[in-house]
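User: Hi! Could you walk me through this one, a question at a time?

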Amino acid sequence: MKKILLPTDFSENSWNAISYALQLFKDEVCTFYLLNTYTPIVYHVEYVMLSPSQIGLEDVVKQQALKGLEDFEKRIKKQHDNPNHTIKSQAVFNTLTLEISEQVKEHQIDYVVMGTKGATGAKEVLFGSNTVHIFKQAKCPVLAVPDSFNFEKPSQILFPTDYEIDYNNQQVKPLVELSKDNEAKIHILNVSYGRELTADQKKNKATLSTLFKDLKHEFFSVRNQEITQAISDFQMKAQTDLLVMINNKHSFFENLFFKSTINQIGFHLNIPFLVIPAKTKK
């Protein structure tokens, strides 16, 4: 049985991600944890030091959160009623990033599925600081779904890599499962700058080939192109409908997302994006 965390702020953006998750795992027995985190508008250091009941705001905000969760549960029942699925709702006084970390640990979450915000007037996804922190810190795979993306069963999966990871079964398990369950082809894309692969990179590539031996897959190489542009161009050309990357220190993923000096990163992408931590739970 899979355990999937669905953070929501009750926006249509978050509903779209919830709807995607319910359809992606419709044939699997799952427990979905519907989560809303809240902090009153006057939240500050002094508030944390006081008992929330002394101020009386927490009860009001919590009731609003519980009402929102109840409405979403009814919406799930109406639009995605599924005997395979159990829904558990939680309203928690905490920040989103901290609570997700705690929930993943407490419930042994297999996936976090959340929405992203699309940029107005542009075909790109803006990953805000919360999303980037969750990508970086989560101990389980995180799936970010663009708000404009209507569910499609994944058939073409794009997996960019620099072959700097010593791959193992546990790391690629989510990718293997999604490919197998959806009969999807994996496009392995390497973006380089004209250099030949090192001996270690060749070994890691061969390991990937072994791990994917029972799946439809193909290797591709692009040279002398900026990484995000190469990913975007390939995604459009191959009509891929799911992007998967492994977050590994010292890899281009780390450089792409976490060494930026800005809080929001524009990524020309209009398909769901699955981030797998390099160190996964056993």
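User: Leaving aside its neighbours within four places in sequence, which residues is Asn16 in contact with?
Analyst: Quick note: this is a predicted model, where local features need pLDDT of at least 70, side-chain atom pairs count only at pLDDT 80 or more, and totals for chains, interfaces and linings use all residues. Residues are numbered from 1 along each chain as its sequence is written, and side-chain values use heavy atoms, with hydrogens and water left out. Contact means heavy atoms within 4.5 Å. Skipping neighbours within four places in sequence, Asn16 touches Val145, Pro146, Asp147, Ser148 and Phe149.

User: Is Asn16 buried or exposed?
Analyst: Buried means under 20% relative accessible area, exposed over 50%, and partly exposed is in between (1.4 Å probe, protein chains only). The value for Asn16 is 15%, so Asn16 counts as buried.

User: Which helix holds Asn16?
Analyst: Helices (H or I, at least four residues) and strands (E, at least two) are DSSP runs, numbered from the N terminus. The one with Asn16 spans residues 12-24, and that's helix α1.

User: Why is strand β7 largely enclosed by the rest of the structure?
Analyst: Strand β7 covers residues 156-160. It is largely enclosed because, of its five residues, the number buried is four.

User: What stands opposite Ile157 in β8?
Analyst: Two strands pair if DSSP finds at least two bridges between them. Opposite Ile157 stands Ile186.
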